[in-house]
Amino acid sequence: MSGHRSHLSVLGLLRRQFLAGPGASIALAVLVFVGAFLATAVPRAVAALHDAALAEHLARFPANELDLTMETRAHPDAGPSTGGTTLADDVDAEWGRQEELLLGIRDDLPEPLRGVTGEPLAALTMGPVQARVPGASPSSPVYRVMPGLDPRLREHVELTSGEWPAPVEGSLDGVTPLDVVLIDAVADRMDWELGEVRYFGQGALDQPIRLIGTAAAVDPDAGIWTHLTSALTPSVVDNGLAPPVITGVVFVDPGSWPALAEVSLPTIMQAWIPIEPDRVVAGETAELRGQLGEFSSAVHRLGSGEYDGFVPIVGDVGFLSGLGDALGEAAAAAAASDAVLATIASGPIGVMIAVLVLGGRVVFERRRTGLELGAARGASTGQLRGILGLEGLVIGVPAAVLGGIVGTLAVAADAGPGGWLLVAAFALTPAILLVASAPTLSPLRRARADLGGARGGRLRWIVELVVVLLAAAAVVLLLRRGLATSAAETGVDPLLAAVPLLLALVACIVVLRLYPIPLARLLRATAARSGLVPFLGSARALRDPSAGLVPVLAVVVGVSVAVFSAVLLGTVQSGVDRAAAQQVGADAAVSGMPLTLEQLDGFRAVPGVDAIAPVYSTRGADLSLDGRQRSTTLIVVDAAEMRAVQAGRADATTLPAALGDAPHDDGVPVLLSGIVDGLVEQADTAQLDGEAFRVLGVADGRTAYSPRANWVLMDKANAEPFTDTLVPRTVLVRFEPGADAHAVTTALASIAGEGTTVVTPDDLADELSGRATAQGLVIGLVAAIVLASLLTALAIVLTLVVGRPARERLLPLLATLGLGRRGEQALVAWEVGPVAVVAVVVGAALGVVLPVVVLQGVDLRAFTGGDAQPAIAYDPWLITAVLAGSVLASVAAAWAAARIGSRVNAARAMRKEEEG
């Protein structure tokens with residue numbers, strides 16, 4: 001006997017535990033693996049979503065709005081570089097000094113700003129000046145040229161015909177032609193043949209200008225072409241009342257600057273440091289915005305700043321960029337996305353915690369008999385806790401590490417180390433849960449759950465009251481605060497994220513307080529009947545319920561998250577549809593390049609077109625308020641045409657009937673945007689381009705006529721003093737009833753030509769829905785629905801598994817007394833059925849109410865693309881389908897668990913009862 005090794009040692013008990021019922025431990029390890037996987041994969045997926053949304057957002061801006069750009073009317077500080085550049089020697093002799101200074105400015109940029117920029121560039125244009133065609137009639141088109149110098153011209157374009165111009169030697173003398181190169185499309189539109197000479201006025205001279213070559217852009221999408229407007233495609237102004245005016249850039253050899261510097265034409269020189277949008281990542285947004293602000297507020301030396309006679313030479317300059325504002329808009333959208341995702345995630349996180357707690361209870365109940373036997377035979381509390389803690393670590397640590405690694409590898413993005421902190425928490429969770437359950441170990445008979453003392457009842461009331469007060473305070477604060485517009489600076493709002501979970505806890509309290517009331521009545525009603533199952537089932541559900549707070553929380557939160565997500569899906573989709581309809585403003589909109597009268601007549605003649613309404617002008621205008629100048633956009637439309645096109649549309653802009661009236665003494669009648677109206681109301685005197693105006697009405701936000709929210713609208717009849725050209729770039733189109741939309745839009749696009757787009761509300765809705773932010777939200781909502789439904793079903797299964805020991809003692813005894821298989825399954829269903837039904841009803845009601853509360857603090861405009869917060873949309877079919885799917889998943893899981901849980905051997909149960 002002395003050589004016998006006790007199996008009650010720590011290692012012995014630990015070994016017995018692993019060999020006895022490993023399924024529960026494996027199931028808990030799987031839960032930990034899933035939690036760790038989500039802890040690392042979800043933040044990385046969100047980071048990838050933000051990067052994709054940022055890239056998509058920046059792609060909507062032309063390069064010249066993002067680049068760090070300097071523009072001046074001064075002449076460049078010509079001269080060679082001191083250390084050499086990559087420019088050709090003859091070009092370096094004139095532009096090398098400026099190139100060297102630009103490179104130095106870029107080299108001084110801090111990281112990460114320097115890392116998102118490319119090599120600096122510069123270009124200069126002059127004019128425009130009319131290039132006369134000898135012998136042309138007065139009704140012929142007017143051709144205007146803008147001599148342009150690009151130090152890297154031969155890197156940006158390639159010859160398609162002719163030859164490169166040579167540098168001009170000496171000065172322009174009015175005899176020797178100035179040789180130039182044109183882009184093919186510009187040469188074609190100007191009807192300019194190779195070798196043809198035209199003339200532009202230069203003082204008292206007529207300077208000949210000769211086309212000796214045509215070229216094509218090496219990369220038509222390169223950013224330089226957004227800085228050199230009218231270089232790739234000419235500007236065409238054709239109002240039908242005068243000959244068309246065609247303007248294009250003609251490229252001169254960059255070494256010809258000394259000769260052109262003597263020409264008395266307006267000069268615009270640009271120098272810019274290109275921004276490479278594909279290098280910008282969302283995680284550096286805040287730092288980049290700060291560096292951009294600091295760089296733009298400083299001055300940088302780009303030349304001597306002296307005068308060459310009466311002509312200034314460039315000196316200290318400032319660079320401007322729209323990148324900071326674009327990053328701010330993207331950060332606000334990302335913050336709104338984070339707020340919504342955090343609000344959605346708080347529910348599944350709560351269910352995951354509940355499921356982990358239930359999983360820990362399952363493992364503990366599997367170990368209870370052996371541990372209580374060890375306690376009865378002298379095992380200390382420390383030994384028992386050590387055994388439970390070791391098993392928890394063996395379950396949690398490998399599963400958490402593996403889940404974290406898989407989650408990290410699954411998504412190629414960087415979200416920082418925060419996810420691994422959650423992985424560590426998941427790794428320790430099983431050990432914490434098991435050790436925390438150790439005080440309930442007792443070799444004595446366990447007490448019934450419904451026979452708690454008065455002290456426990458008072459504590460429960462206090463805890464419930466605290467939860468209700470916290471939830472009420474959170475809701476009140478959220479409603480009083482309203483929409484969170486500073487989320488880009490403050491990050492995820494803890495109050496907003498906590499409200500759904502707090503309300504779910506209140507709903508759990510309601511369920512746990514309410515469901516015993518009808519259950520007690522049912523118990524009294526079934527006591528006098530002959531059936532055993534209803535009486536015994538209701539008695540067990542009332543006196544010793546398996547469904548405590550944890551499973552009820554899982555069901556309530558799971559169902560409410562599913563319903564809330566369905567409502568949010570419907571709300572976002574309806575918001576996208578409304579925003580698309582408002583931005584298009586008609587059955588279709590044609591926009592892009594300037595449109596001629598001939599093209600407008602072509603639109604009207606297209607089969608299926610009922611009416612068109614051009615937007616004749618959207619030019620900048622000056623708004624004088626008490627002598628202070630503000631910029632705005634002047635929109636010119638024909639009110640009668642626009643009413644005919646937008647008649648009957650809910651998204652139509654209301655145009656006052658008097659908009660077309662002739663101006664009176666109090667000024668021209670106009671319609672103002674809400675932003676402009678707010679400025680005008682604060683001023684004693686207000687003028688538009690120096691003229692008085694009379695306000696007929698106010699319309700909030702943007703219109704289909706212009707993407708800007710700051711505008712003044714007037715009728716075409718009153719536009720003459722304010723704009724000299726009425727060349728539409730946007731035309732709204734109304735279809736005839738029953739028209740084939742695809743055929744009509746195809747015909748409109750063929751008439752409009754290249755550079756224009758034809759879009760319908762459905763097209764725009766598809767585009768808005770396809771944006772990364774909107775798609776990310778949809779994926780998050782669908783994932784929340786699926787995850788919440790699965791976790792709810794799993795919680796019900798684990799609840800039944802937790803109650804299995806009690807069933808293993810009861811059901812076989814009842815079977816010996818004649819209870820059949822169906823009766824056994826019915827008793828199992830009684831364990832969770834009553835409370836589950838109430839929890840599903842309350843959870844569904846909570847899911848319907850949650851949007852009303854939560855959307856008070858969440859800005860959904862980033863997902864819809866609209867100006868206004870979308871109204872909550874309850875799609876009954878979608879909500880019913882989601883709710884039915886969630887309930888069916890739970891019922892199927894409960895049915896499977898009930899069938900398994902009712903199969904217990906009677907002899908084994910009798911033996912356990914004798915041992916227990």
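Mentor: At 9% relative accessibility, H75 counts as buried, a class that means under 20% relative accessible area, against over 50% for exposed and partly exposed in between (1.4 Å probe, protein chains only). The model is predicted, so local features need pLDDT of at least 70 and side-chain atom pairs pLDDT 80 or more, while totals for chains, interfaces and linings use all residues. Residues are numbered from 1 along each chain as its sequence is written, and side-chain values use heavy atoms, with hydrogens and water left out.

H75 sits in the loop between β1 (68-72) and α4 (89-107); helices (H or I, at least four residues) and strands (E, at least two) are DSSP runs numbered from the N terminus. Residues up to four places away in sequence aside, H75 touches W257, A261, T267, V311, P312, I313 and V314, where contact means heavy atoms within 4.5 Å.

R144, in strand β4 (residues 142-149), is partly exposed at 32% relative accessibility. Apart from neighbours within four places in sequence, R144 is in contact with P128, V129, Q130, A131, M190, V245, I246, T247 and G248. The C-alpha atoms of R144 and P234 are separated by 9.7 Å, although these residues are 90 apart along the chain.

Q383 belongs to helix α11 (residues 381-410) and is likewise partly exposed, with a relative accessible area of 30%. Between the C-alpha atoms of Q383 and L371, 12 residues apart along the chain, the separation is 9.8 Å.

Two helices show how buried residues can be arranged. In α20 (residues 639-646) they are A639, M642, V645 and Q646. Seen down the axis of α20, these residues fall within an arc of 130°, so they line one face of the helix; the arc is that of the directions from the helix axis to the C-beta atoms. Their cover includes β17 (609-625), β18 (628-637), β22 (711-715) and β23 (730-735). In α23 (residues 761-769), the buried residues are P761, L764, A765 and L768. They span an arc of only 105° around the axis, which puts them on the same side of α23. D762 and D766 are exposed on the other side of α23.

A search of the whole structure finds 5 cavities of 30 Å³ or more, a cavity being a set of points, on a 1 Å grid over the protein atoms alone, where a 1.4 Å probe fits but cannot get out, with lining residues having an atom within 4 Å of a point. The largest cavity has a volume of about 80 Å³, that is, the space filled by probe spheres set on the points, which are joined across faces, edges and corners. Among the residues lining the largest cavity are T343, P500, F564 and L850. Helices α10 (323-376), α15 (494-514), α18 (549-584) and α26 (821-854) each supply at least two residues of this lining, and α18 gives the largest share, 4 residues.

For the chain as a whole, the secondary structure comes to 29 helices and 24 strands. Of its 916 residues, 47% count as buried. Among contacts between residues at least 6 apart in sequence, 80% join residues at least 24 apart.

Terms used
On a 1 Å grid over the protein atoms alone, a cavity is a set of points where a 1.4 Å probe fits but cannot get out, and a pocket is an open set with protein on both sides within 12 Å along at least five of seven lines; lining residues have an atom within 4 Å of a point.
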